[in-house]
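Welcome! Here is a short tour of one protein model, written for someone new to reading structures.

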Amino acid sequence: MKWSIIQKQAQPVTAWSGGETREIYIAPAGSSYASRNFKLRLSSATVTAASTFTDLPGYNRDLVVLAGSLCLQHGKYKPIELKPLDKDHFDGGLRTRSWGTATDFNIMIAKDAEFAASVKVWTKLPEKFAAVPEEVFFYAAAGDFIWQYAGQTKTLPEGALLHICQPEMEVSLKTASMEPVLLEVRLQTK
């Protein structure tokens, strides 16, 4: 098993038209959001003003509201209201407008990527996560976590991302936080 933890302070923050975005993870190595040559990007953004999302043709997006609320309108579709822990999946090429104030978590995947992603939100822990043949990410959205694997114990502080490649055994995560939010993103080959 290969694993790494990307601490919050190592995640670059940039401004966008509606607030700030924190790039948590991008792949493959050496790719960039600005160049649009990435296959996978995980980020968290603050939305502080009505805005239009960056146009991302060629990408699918998943968004989870972590705090606050958002109203999103994709192209000419009917607007949708998202409250904390609500999810939305949409085509990054659709003109997306937003209203509200929120913090969100984003998954962006190139349509030509060899994999797809699923996201789950966990608010009740401890939890045991089965071994997967590929990759899994755990994002500590609210609260600090302890993860255990094969007799090892590590800390996953709030805002950090745990990236595990090909775990051979189950992983368990627990927390002492009163209102924890842990996001699990699993990649599967298409």
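## Sorting residues by class

Ala, Val, Leu, Ile, Met, Phe, Trp, Tyr, Cys and Pro count as nonpolar, Asp, Glu, Lys and Arg as charged, and the others, Gly among them, as polar. By that scheme, the lining of the second largest pocket divides into six nonpolar, five polar and three charged residues.

The model is predicted: local features need pLDDT of at least 70, side-chain atom pairs count only at pLDDT 80 or more, and totals for chains, interfaces and linings use all residues. Residues are numbered from 1 along each chain as its sequence is written, and side-chain values use heavy atoms, with hydrogens and water left out.

## Two pockets

A pocket is an open set of points on a 1 Å grid over the protein atoms alone, where a 1.4 Å probe fits and protein lies on both sides within 12 Å along at least five of seven lines; lining residues have an atom within 4 Å of a point. The second largest pocket has 14 lining residues, and Trp16, Thr21, Tyr33, Thr54 and Arg61 lie nearest its centre.

The largest pocket is lined by 15 residues, with Lys8, Arg22, Ser44, Thr103 and Tyr139 closest to its centre. Its lining has six nonpolar, five polar and four charged residues.

## An open sheet

Now meet the strands (DSSP runs of E, at least two residues, numbered from the N terminus). Two of them pair if DSSP finds at least two bridges between them. Five strands form an open antiparallel sheet in the order E1-E15-E12-E17-E10. Strands E1 (2–6) and E10 (115–122) are at the edges with a single partner strand each, so one side of each has no neighbour in the sheet.

E10 pairs with E17 (residues 181–189) in the antiparallel sense over eight bridges, and Ser118 stands opposite Arg186 in E17.

Note on methods: Helices (H or I, at least four residues) and strands (E, at least two) are DSSP runs, numbered from the N terminus.
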